[in-house]
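Hi everyone, thanks for making time. I'd like to walk you through a structure that may be new to you, so please have a look at it first.

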Amino acid sequence: MNILITGGAGFIGQALVNQLSSNHNIIILDNFLKQVHGDSPKKKLENCKVIEGDVSELNSWELAFREDPELIIHLASETGTGQSMDEITRYNNTNVIGTSIMLDMLNKYNHKVKKIILTSSRSVYGEEKNIEKNKNLRPLSVYAVTKLTQEYLIQVSSPVPYTILRYQNVYGPGQSIKNPYTGIISIFSERFSNNDSVTIWDNGLPSRDFIFIEDVVDATILAINNKKTKNEIINVGSGKSILIIEIAKYLRDKINPKSEIFVSDFHRPGDVLYAKADITKIKKMGWKPKFNILDGLDKFYTWFIAQKP
């Protein structure tokens, strides 16, 4: 099968390529954003055809559709709650306009696409309960609004079946350590490695549901193969929450015990305090997380240290 992965050069995209390329023909569309990939990104990637382009531009989608994709995994997205509050146009162009162009292509032109998998976010829930049947969605950031808009656009205008996956906080080996805006496990690790301090906001109260990259890949592949995922919204998380400050302490103790952790009452606009996925639905489909948080952090730590000179 020809599979188009937008944002396929990124953290999750490359993990998917590694698992899917042995049985499928993979095409990736990626703009190799400097914020994520650094000044000298690796553009010659193994086991896939690379199209350098931007999902917010029609010509990039036209190039991608010339490869006759049969499945689109739509990962490409501007991410980062805090940054989204200051770069509204950028987030809207990539996340909303990019998705709109894809849907225009699917509705107006001949193609071979049989399904879309949209990777959405737990951020669409805001502070509300993270369960799929919850219709009281209250996104608190520009990023969250754009992700929910992507969902609505696909639900009302996709001419092909879809699955919407609401990822919780994904982490693991391969996550960008260059991006200062997203991936708090990577951000904390880099700061500790540089002997910098870390400050936990909101009086140390925030908690998150962290889900290991290999589990996310398995859940995404489930959406490819399992007919029960057709036109469904599905949470992807561990089903457990942990205080962010506990994550910081664990990483500090492994990387640099001399680093300091501070607690502040500062609240960043757009942030939520609590997040924990209800994963009852996806477990009934045959998936469950294989990695607990400590095992996952240890795997991340081993990889992170190996990146250092």
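Before we start on the pocket, a quick word on terms: a pocket here is an open set of grid points with protein on both sides within 12 Å along at least five of seven lines, and a residue counts as lining when it has an atom within 4 Å of a point. Also keep in mind that this is a predicted model.

Okay, the second largest pocket. How much space lies in there? About 180 Å³.

Helix α11 covers residues 293-306, and it packs with helix α7, residues 184-193, at an angle of about 50°, the axes being 12 Å apart. That angle is why we call α7 oblique to α11. The crossing of these two is right-handed. Who touches whom? On the α7 side we have Ile185, Ser186, Ser189, Glu190 and Ser193, and they meet Leu297, Phe300 and Phe304 of α11. In this contact, 4 residues are nonpolar, 3 are polar and 1 is charged.

Next pair: helix α3, residues 58-65, and helix α5, residues 88-108. Their axes come within 10 Å and cross at roughly 50°, so α3 and α5 are oblique to each other. Here too, the crossing is right-handed. From α3, the residues Leu58, Trp61, Glu62 and Phe65 meet α5 at Gly98, Ile101, Met102, Met105 and Leu106. By class, that contact splits into 7 nonpolar, 1 polar and 1 charged.

Last pair, helix α1 (residues 11-20) and helix α8 (residues 213-225). Which angle do they cross at? Roughly 65°, with axes that come within 10 Å. α1 and α8 make a right-handed crossing. In α1, look for Phe11, Ile12, Ala15, Leu16, Gln19 and Leu20; facing them in the contact are Ile213, Val216, Val217, Thr220, Ile221 and Ile224 of α8. And how many charged residues are in this contact? There are no charged ones, with 10 nonpolar and 2 polar making up the list.

That's it from me, happy to go back to any of the pairs.

Methods
Residues are numbered from 1 along each chain as its sequence is written. This is a predicted model: local features need pLDDT of at least 70, side-chain atom pairs count only at pLDDT 80 or more; totals for chains, interfaces and linings use all residues. Side-chain values use heavy atoms; hydrogens and water are left out. On a 1 Å grid over the protein atoms alone, a cavity is a set of points where a 1.4 Å probe fits but cannot get out, and a pocket is an open set with protein on both sides within 12 Å along at least five of seven lines; lining residues have an atom within 4 Å of a point. Grid points are joined across faces, edges and corners, and a volume is the space filled by probe spheres set on the points. Axes are lines fitted to C-alpha atoms, for helices over the stretch in contact, and angles run from 0 to 180 degrees between N-to-C directions. Helices (H or I, at least four residues) and strands (E, at least two) are DSSP runs, numbered from the N terminus. Angles under 35 degrees count as roughly parallel, over 145 as roughly antiparallel, 65 to 115 as roughly perpendicular and the rest as oblique. A crossing is left-handed if the near helix is turned anticlockwise from the far one by less than a right angle, and right-handed if clockwise. Contact means heavy atoms within 4.5 Å. Ala, Val, Leu, Ile, Met, Phe, Trp, Tyr, Cys and Pro count as nonpolar, Asp, Glu, Lys and Arg as charged, and the others, Gly among them, as polar.
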